[in-house]
Amino acid sequence: MSLEIRTATDADWPLLWPVVEAVVRAGETYAYPLDLTSGQACELWMERPPGRTVVAVEAGVVLGTAKMGPNRLGHGDHVGTASFMVAEAARGRGVGRALAVHVVDRLRAEGYRGIQFNAVVESNTAAVRLWRSLGFEIVGTVPGAFRSPAHGEVGLHVMYRSLV
């Protein structure tokens with residue numbers, strides 16, 4: 001796979017929106033409203049500094065995206081966070097892992113001391129398995145905090161990885 005991961009621009013949004021829309025409408029991994037519009041999604045997903053949004057592109061096709069930045073402002077800005085989405089047709093091809101490695105490397109290079117994921121859906125076993133394989137630990141779970149269309153009320157994991 002000749003995957004290019006690069007910073008997303010506003011001009012990328014029309015190519016990103018179908019990926020984001022499909023993930024949001026499925027309702028299994030993000031607590032976004034199912035009727036989110038393209039404009040609302042763009043505001044949520046396209047990070048502004050100090051954050052950044054990236055796209056994973058192969059042969060001009062957007063296969064996935066990630067956004068990253070500080071988990072909190074002020075006294076918490078030394079810990080990063082990130083979110084990821086992969087197009088359904090690209091799942092199982094290593095796109096999520098490539099994006100994750102890119103984000104870990106980028107946040108480390110920017111001086112973050114750790115990465116905290118605030119809400120990894122417990123039933124999203126592929127993501128949990130990926131994060132664990134990359135050194136993330138589940139540091140807590142909020143029981144029943146996510147309403148999955150397929151699984152009912154499931155927990156949201158808080159996951160963490162040190163970068164030092």
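S83 counts as buried because its relative accessibility is 19%, and buried means under 20%. The model under discussion is predicted. S83 is found in strand β4, which is one of the 7 strands of an open sheet.

**Surroundings of S83**

- Not counting residues up to four places away in sequence, S83 touches Y30, W45, T65, A66 and K67.
- K67 is also the bridge partner, in β3, of T53.
- W45, another residue that S83 touches, takes part in the meeting of α1 and α2.

**The sheet**

- The strand order of the open sheet is β1-β2-β3-β4-β5-β7-β6, and the pairing is mixed.
- β1 (4-7) and β6 (137-148) are the edge strands, each of which pairs on one side only.
- From one strand to the next, the twist averages 25°.
- Strands β2 (residues 52-58) and β3 (residues 61-70) are paired in the antiparallel sense, over 7 bridges.

**Helices across the sheet**

- β2, β3 and β4 (79-86) have helix α1 (residues 13-26) lying across them, and α1 runs at about 90° to β4.
- Helix α3 (residues 95-109) lies across β1, β2, β3, β4, β5 (114-121) and β7 (152-162).
- The direction of α3 is at about 30° to β3.

**Packing of α1 and α2**

- Two packed helices are described by the angle between their axes and the distance between the axes.
- For α1 and helix α2 (residues 38-45), the axes come within 10 Å and cross at roughly 95°.
- The two helices α1 and α2 are therefore roughly perpendicular to each other, as angles of 65 to 115 degrees count as such.
- On the α1 side, W13, W17 and V20 meet S38, A41, C42 and W45 of α2.
- By type, the residues of this contact comprise 6 nonpolar, 1 polar and no charged.
- W13 is in contact with V20, S38, A41, C42, W45 and M46, leaving aside its neighbours within four places in sequence.

**The nonpolar core**

- The largest nonpolar core has 47 residues, of which W13, F84, M85, F117 and W131 touch the most other members.
- Two or more residues of this core are given by each of α1, α2, β2, β3, β4, α3, β5 and α4 (125-133).
- α1 supplies the largest share of this core, with 7 residues.

Key:
Residues numbered from 1 in each chain as written. Predicted model: local features only at pLDDT ≥ 70, side-chain atom pairs only at ≥ 80, totals over all residues. Heavy atoms only, no water. Pairing = 2+ DSSP bridges. Helix = DSSP H or I, 4+ residues; strand = E, 2+ residues; numbered from the N terminus. Axes fitted to C-alpha atoms, helices over the stretch in contact; angles between N-to-C directions. Contact = heavy atoms within 4.5 Å. Buried < 20%, exposed > 50% of the residue type's maximum accessible area, 1.4 Å probe, protein only. Parallel < 35°, antiparallel > 145°, perpendicular 65-115°, else oblique. Nonpolar A, V, L, I, M, F, W, Y, C, P; charged D, E, K, R; others polar. Core = buried A, V, L, I, M, F, W, Y, C linked by side-chain atoms within 4.5 Å.
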